[in-house]
2 protein chains.
Amino acid sequence: MKDDIFDFCRNMSDEQDARARQMLERAAAKWPLRVLHVLSEADGPLRFSRVLERVEDISQKVLTQTLRTLESDGLVIRTLYPQVPPRVEYELTPLGRELLTQVVSLWRWIVIHLNEFDTSKSAARN
Amino acid sequence: MKDDIFDFCRNMSDEQDARARQMLERAAAKWPLRVLHVLSEADGPLRFSRVLERVEDISQKVLTQTLRTLESDGLVIRTLYPQVPPRVEYELTPLGRELLTQVVSLWRWIVIHLNEFDTSKSAARN
DNA sequence: CAGTATCCAGGGGGATACTG
DNA sequence: CAGTATCCCCCTGGATACTG
C-alpha cells in the first residue's frame with residue numbers, strides 16, 4: 001500500500017471534508033486573502049471605508065459579501081457602533097490571524113519556486 | 001511601522017505577484033487538488049481513463065482542462081504513446097509532489113482547527 | 001457611513017455528440 | 001482511448017441606484 005498524505009482525514013465525515021475544502025478555497029481566493037492581508041497590516045480595527053480603500057479594485061458589494069463570510073467563518077470580528085452615521089469596524093480574530101499565517105507560508109513556498117513553474121518546455125504561455 | 005508578513009514580496013513585479021496568486025488559487029481549487037491527490041496516490045503513471053475514474057464526479061472536459069493546466073504549470077508530466085488506440089499517461093513531477101505537500105500542510109492545519117470555524121458565537125448560537 | 005437592491009455581462013463547468 | 005466541439009445554464013462579480 002502506498003502511504004496517503006491525506007491519511008489524517010480517514011476519520012472525517014463527508015461534511016467535514018467538504019467544510020475543510022471550502023475553507024481552503026476561501027482562504028486562497030483572491031478577495032478574502034487580500035482583505036485578511038489588509039486587516040493584518042492595520043494596527044487596530046478598520047472601518048468599512050478604510051478596507052474599501054485599501055483593497056484595490058474591490059467593489060462595495062463584494063467587500064460586504066467577503067467580510068460577511070469571513071465573519072461567519074470566525075476569521076473576522078465585526079463591531080457595529082450604533083451612531084448616525086453608523087460606524088462599523090473590522091478586525092482579525094486570532095484564528096483569522098493564524099490562518100493567514102498558514103496561507104502565507106504556502107504563499108512563500110510558491111514565490112520561492114516561482115521560476116520553476118511553466119518555464120519548462122511545455123506550452124507555458126497564455 | 002507594522003511588520004508585514006508579505007515583506008518578502010517587496011521585490012516582486014506585479015506580474016510575479018499575479019502569477020504567484022494564480023498558482024495559489026489553482027493549487028487550492030477543487031479539481032486541480034483532487035487530481036494531484038489521485039496522481040500522488042498512484043504507484044506510477046496513470047492513464048487518462050484511470051484518473052477520470054478516480055476523481056469522483058469530474059467531467060471529461062474539465063479533467064482535460066485541469067490536466068493541461070497542471071502540465072503547463074510544470075506540476076504534471078503528460079506522456080503520449082502513439083498507438084491505436086492512443087495511450088496517454090500522467091504522473092506528478094517532483095515540483096507537483098512538493099506543491100501538494102505544501103498544500104497538504106495547510107489542509108492539515110484547517111482540518112485540525114475545523115471546529116473553531118463558524119461554530120463560535122457568530123452563526124451557531126441564535 | 002455602511003450598507004441593500006437590482007440589473008446585467010462574462011466565464012466556468014455540465015451534458016452531449018463527434019473523431020483520429 | 002483520449003480527447004474536441006457545442007450548447008447551455010448558473011453563478012460570480014461589476015455598475016448603479018437607493019436607504020436607515
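This is a predicted model: local features need pLDDT of at least 70, side-chain atom pairs count only at pLDDT 80 or more; totals for chains, interfaces and linings use all residues.
Local features here need pLDDT of at least 70 and side-chain atom pairs count only at pLDDT 80 or more, while totals for chains, interfaces and linings use all residues; side-chain values use heavy atoms, with hydrogens and water left out. Residues are numbered from 1 along each chain as its sequence is written, and chains are lettered from A and ligands numbered from 1 in the order in which they are written.

Strands come first. Helices (H or I, at least four residues) and strands (E, at least two) are DSSP runs, numbered from the N terminus, and two strands pair if DSSP finds at least two bridges between them. In chain A, strand 2 (residues 76-81) runs antiparallel to strand 3, joined to it by six bridges. Leu80(A), for instance, has Val88(A) in strand 3 as its bridge partner. Five residues sit between strand 2 and strand 3 of chain A, and the two strands form a hairpin. Strand 3 (residues 87-92) of chain A also runs antiparallel to strand 1 (residues 46-47) of chain A, this time with two bridges. There, Arg47(A) has Glu89(A) as its bridge partner.

Over in chain B, helix 2 (residues 30-41) has 12 residues and spans 17 Å from first C-alpha to last, close to the expected 16 Å (1.5 Å times one less than the number of residues). Helix 2 of chain B is mostly covered, with nine of its 12 residues buried (under 20% relative accessible area; exposed is over 50% and partly exposed in between, with a 1.4 Å probe and protein chains only). Among the buried ones are Trp31(B), Leu36(B) and His37(B).

Now for the DNA. Of the 17 residues around DNA strand C, those that come nearest are Ser49(A), Gln60(A), Arg78(A), Tyr90(A) and Lys61(B); a residue is near if one of its heavy atoms lies within 4 Å. Sugar or phosphate accounts for 57% of the DNA strand C atoms within 4 Å of the protein, and bases for the rest. Two side chains meet bases: a polar side-chain atom of Gln60(A) is 2.6 Å from a base nitrogen of DNA strand C, and an N or O atom in the side chain of Lys61(B) is 2.4 Å from a base oxygen. The backbone takes part as well, with a polar backbone atom of Val88(A) 3.4 Å from a phosphate oxygen of DNA strand C. Helix 4 of chain A gives the most to this surface, with four residues.

Side chains of opposite charge can pair when their charged atoms come close. Asp73(B) and Arg19(B) meet in one, at 3.0 Å from N to O. This pair links distant parts of the chain, 54 residues apart: Asp73(B) is in the loop between helix 4 and strand 2 of chain B, and Arg19(B) is in helix 1 of chain B. Asp73(B) is buried, at 2% relative accessible area, and Arg19(B) counts as buried at 15%. In chain A, Asp17(A) and Arg21(A) form a salt bridge with their closest N and O atoms 3.4 Å apart. Both lie in helix 1 of chain A, four residues apart, about one turn of the helix. Glu89(A) forms a salt bridge with Arg87(A), at 3.3 Å.

Conventions
A polar contact is a pair of N or O atoms within 3.5 Å; within protein, one must be able to donate a hydrogen and the other to accept it, and residues adjacent in sequence count only if both atoms are side-chain atoms. A salt bridge is a side-chain nitrogen of Lys or Arg within 4 Å of a carboxyl oxygen of Asp or Glu.
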